[in-house]
Amino acid sequence: MNYIQQAYKSELAIWKYLVFAGLFFGFIALNLIGLFILENLDPNFDIEQLMKDQIALKGASRFLIENLLPSAVFLIALLIWVKFIHKQTLRSLTTSRPKIDWKRIFFSFFLWGFITIFFLFIGYKMSPENYQWNFNLDKFLMLALIGVLLIPLQTSFEEYFFRGYLMQGIGMITKNRLFPLIFTSIAFGALHIANPEVGKLGYGILAFYIGTGFFLGIITLMDEGLELALGFHAANNLITALLVTADWTVFQTDSVLIDLSEPELGIDVFMPVFVIFPILIFIFSKKYKWNDWKEKLTGKIDKPVHLKENYSVLEDLGTE
């Protein structure tokens, strides 16, 4: 059974997917509505300034915890929902392999971590005036503790929800791989629409987030599991939070460096999507011997033969 077909091992019904997805997207919608109301009530409202005020009041560590906790709660809720409502195992939500491949997770984590540190080093050497040294041992240790404990929960929720739960659910409903890849990638990008980066750089930055969604979706479908996506996403957010932040990004932490450069929608935004991510896909494809690209990315999803006698998720919208 391929990765999307793993969901056939659970107790299926469309309403189950609609309930949890509706709760999460409803939560996001309420936040966007609240932001919209604040912007219209106060013409001088500035989300960037609001974040600065909150950090000044609470401290960067507490502010980070408060921003990461909702994702941690949603991750726990999703795993409980999948286990007790869908009767699906964590393993089948994660991978099509007999067990979760932790080596894949760590390979992806350290590969992207190394690349991230390399480009940061090059940027610092080329333009040191764009960076401010911000290292404080006590604050950094607190940040490291918070980051190691909570950031993987935040990134894992996004992967389990978009590339796992939605990818499998939509794949079974539509009976193909391409639509869930497109839908989850666009939805993942749209999730970041309220980030301060969008306000600073404009909606063009969403091309980066949507492109990242496609990259993560492609490696999930080609590798028949979430492991590579889990490792990449955790490394991306954790290392960024630890090493460099700016006063206009969603993560504002007691990092080693602060980026002082004036943000612009330039090549550094689009290069990962159109250059680095394709190279990563190539590396993964060679290491894990991927093949049948067209089938794995656009092929149909059929119910496994031994389950043909069971109900169809499309034929029965409510019963199990």
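Here is a short tour of a predicted model, stop by stop.

Start with the aromatics. Select Phe-20 and Phe-161: their rings make a tilted pair, 6.1 Å centre to centre with 50 degrees between the planes. Phe-20 sits in helix α1 (residues 14-41) and Phe-161 in helix α6 (residues 137-174), so this pair ties together parts 141 residues apart in sequence. Both Phe-20 and Phe-161 are buried.

Now widen the selection. Ring pairs link Phe-20 and Phe-161 into a cluster whose members include Tyr-17, Phe-24, Trp-81, Tyr-165 and Phe-188.

Next, pick Phe-135 and Phe-140, another tilted pair, at 5.5 Å centre to centre and 55 degrees between the planes. Colour them by accessibility: Phe-135 is partly exposed at 39% relative accessible area, while Phe-140 is buried at 18%.

For the surface, show Phe-114, Phe-118, Phe-119, Phe-121, Ile-122 and Met-126, which make a nonpolar patch of about 650 Å². Ile-122 belongs to helix α5 (residues 102-126) and, at 30% relative accessibility, counts as partly exposed.

Then jump to helix α10, residues 227-243. Its 17 residues reach 24 Å from first C-alpha to last, close to the 24 Å expected. Of those 17, 14 are buried, so α10 is largely enclosed by the rest of the structure.

Last stop: the open sheet, three strands in the order β1-β3-β2 with mixed pairing. Strands β1 (131-133) and β2 (244-245) stand at the edges with a single partner each, so one side of each has no neighbour in the sheet. Zoom in on β2 and β3 (residues 257-259), which pair in the parallel sense over 2 bridges; Val-244 has Leu-257 in β3 as its bridge partner.

Conventions: Residues are numbered from 1 along each chain as its sequence is written. This is a predicted model: local features need pLDDT of at least 70, side-chain atom pairs count only at pLDDT 80 or more; totals for chains, interfaces and linings use all residues. Side-chain values use heavy atoms; hydrogens and water are left out. Patches are made of residues with over 30% relative accessible area and no salt bridge: like charges are joined within 9 Å, nonpolar side chains (Val, Leu, Ile, Met, Phe, Trp, Tyr) within 5 Å. Accessible areas come from the Shrake-Rupley method with a 1.4 Å probe; for residues, only the protein chains shown count as cover. A salt bridge is a side-chain nitrogen of Lys or Arg within 4 Å of a carboxyl oxygen of Asp or Glu. Helices (H or I, at least four residues) and strands (E, at least two) are DSSP runs, numbered from the N terminus. Buried means under 20% relative accessible area, exposed over 50%, partly exposed in between (1.4 Å probe, protein chains only). The expected span of a helix is 1.5 Å times one less than its number of residues. Two strands pair if DSSP finds at least two bridges between them. Rings of Phe, Tyr and Trp (its six-membered ring) pair if their centres lie within 6.5 Å; planes under 30 degrees apart count as stacked, over 60 as edge-to-face and the rest as tilted.
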